[in-house]
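Please look over the sequence and the model below before reading on. The report that follows takes up a few individual residues and the nonpolar cores.

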Amino acid sequence: MSSEPAVIFTNVWKKYSKNAFFHKSLREDIINIFSHSTDKSELKSDEFWALRNVSFQINKGESVGLYGHNGAGKSTILKLITSITAPTLGTVHVDGRIAPLLEIGAGFHPDLSGMENIFVNGTILGMSISEVRRKVDTIVDFAELREFIGMPVKKYSSGMYLRLAFSIAIHSQADIFLIDEVLSVGDTQFQERCFQCIREMQKAGITIIAVSHNEDLLKSLCHRILYIHKGEITKTSG
């Protein structure tokens with residue numbers, strides 16, 4: 001494991017609006033940029049802090065778990081790492097190519113086939129078209145979807161989505177691998193194959209950041225765990 005940082009959070013605060021039915025991250029960030037308020041630390045009546053003064057460092061090659069109840073701020077941390085949203089206050093530094101597995105089907109177009117989505121999702125993850133072409137058979141075989149690869153993914157089960165998404169991600173040769181609860185979906189046999197791949201990535205020095213409600217799972221996969229409660233890191237183990 002390297003002492004060189006892959007991810008650094010420094011005094012990070014993130015606020016959202018309570019009135020949004022879902023987090024419209026880009027819209028909220030644009031509003032914040034052009035807001036007349038000069039003090040970003042102020043909360044409006046419809047806002048709340050998703051993260052409060054969060055600071056940590058994850059080194060290259062390290063595996064770190066994020067543990068906490070729903071709404072604790074775990075997924076917000078992953079969205080900040082991937083630049084899906086920006087911090088309200090503080091700084092986030094990331095060094096490396098990221099492969100995120102944040103939501104089942106994220107980065108997939110439902111009307112495109114599994115094969116077409118391999119190319120779409122692969123390029124989103126930073127692979128060139130020629131690189132995807134070289135790896136496409138391996139991706140399909142690992143996902144065990146050869147029979148269904150020409151089918152629109154909107155007809156896939158959640159387990160099929162996971163298998164395809166995970167297979168594309170692990171073949172993207174990313175430096176940082178993000179996992180948000182998605183491995184709780186799918187059959188036990190495929191989950192074990194995923195865990196074996198994660199262990200191989202750890203040996204190869206890939207940085208892994210995993211979110212789960214399963215503390216025992218995080219303990220078995222990660223070097224340490226950050227415990228998050230109401231937007232704050234309350235404890236670190238490992």
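## A partly exposed aspartate

Although Asp 137 and Met 115 are separated by 22 residues in sequence, their C-alpha atoms are 9.8 Å apart in space.

## A buried arginine

Arg 163 has its place in helix 5, which comprises residues 158-170. With a relative accessibility of 15%, Arg 163 falls under the 20% limit and therefore counts as buried.

The side chain of Arg 163 reaches the backbone oxygen of Glu 144, at a distance of 2.9 Å. When neighbours within four places in sequence are left aside, Arg 163 is in contact with Ala 143, Glu 144 and Leu 145, and also with Asp 187 and Phe 190.

In soluble globular proteins, nonpolar side chains tend to be buried together. In the predicted model, the largest nonpolar core has 41 residues, and those with the most contacts inside this core are Ile 118, Tyr 156, Leu 164, Phe 166, Ile 168, Phe 177 and Ile 198. At least two residues of this core are supplied by each of helix 4, helix 5, helix 6 (188-203) and helix 7 (215-221), and likewise by each of strand 5 (98-101), strand 6 (176-180), strand 7 (207-211) and strand 8 (224-229). Helix 5 gives the largest share, with eight residues.

Asn 11, which is found in strand 1 (residues 5-17), has a phi near 50°, a positive value in a residue other than glycine. Its relative accessibility of 40% lies between the 20% and 50% cut-offs, so Asn 11 counts as partly exposed.

For Lys 230, too, phi is near 50°, again a positive value in a residue that is not glycine. Lys 230 lies in the loop between strand 8 and strand 9, the latter covering residues 232-237. Because its relative accessible area is 58%, a value over the 50% limit, Lys 230 is exposed.

Definitions and conventions. Residues numbered from 1 in each chain as written. Predicted model: local features only at pLDDT ≥ 70, side-chain atom pairs only at ≥ 80, totals over all residues. Heavy atoms only, no water. Helix = DSSP H or I, 4+ residues; strand = E, 2+ residues; numbered from the N terminus. Buried < 20%, exposed > 50% of the residue type's maximum accessible area, 1.4 Å probe, protein only. Polar contact = N/O pair within 3.5 Å; in protein donor to acceptor, adjacent residues only side chain to side chain. Contact = heavy atoms within 4.5 Å. Core = buried A, V, L, I, M, F, W, Y, C linked by side-chain atoms within 4.5 Å.
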